[in-house]
Amino acid sequence: MSIFVVTAIALLASVAMALARAIMGPTSYDRILAVNAIGTKTVLLIAVVGFMNGRPDFLDLALVYALMNFIGTLAVLKYFKFGTLRGGLSGTPKGDR
């Protein structure tokens, strides 16, 4: 069995554990962190599958997915903290100054 297959199986097992944390998480931040971890492991899985199939150009897809995962996580965290996606990162909305 190839080391890539073992790695893919280990990544799928860790995604299953992160999915359990996303479902049972006591707070919304735990759930967001678990979804972010699933996204990160998906990036690794795309890279491993690309190398298993002899297609290292899958790394481009993995990088795009990693950027989308990062930006999406930041947007969700900002929404949970401020209640909106508008305005800057300061504690007050722009209209209240």
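**Ground rules.** I number residues from 1 along each chain as its sequence is written, and I use heavy atoms for side-chain values, leaving out hydrogens and water. Since the model is predicted, local features need pLDDT of at least 70 and side-chain atom pairs count only at pLDDT 80 or more, while totals for chains, interfaces and linings use all residues.

**Nonpolar patch.** I looked up a nonpolar patch on the surface, formed by Ile3, Phe4, Val6, Phe51, Met52 and Leu59. A patch takes residues with over 30% relative accessible area and no salt bridge; nonpolar side chains (Val, Leu, Ile, Met, Phe, Trp, Tyr) are joined within 5 Å, and like charges within 9 Å. Together the six have about 510 Å² of accessible area (Shrake-Rupley method, 1.4 Å probe, only the protein chains shown counting as cover for residues). The elements that give two or more residues are α1 (3-24) and α2 (28-52); helices are DSSP runs of H or I with at least four residues, strands are runs of E with at least two, and the numbering starts at the N terminus. I note that α1 gives the most, with three residues. Phe51 lies in helix α2 and is partly exposed at 38% relative accessible area (buried is under 20%, exposed over 50%, partly exposed in between; 1.4 Å probe, protein chains only).

**Salt bridge.** How many salt bridges are there? I found one, by the rule of a Lys or Arg side-chain nitrogen within 4 Å of a carboxyl oxygen of Asp or Glu. Asp57 pairs with Arg55, their closest N and O atoms being 3.5 Å apart. Asp57 is partly exposed at 42%, and Arg55 is partly exposed at 41%.

**Asp60.** I placed Asp60 in helix α3 (residues 58-82). Asp60 is exposed, at 54%.
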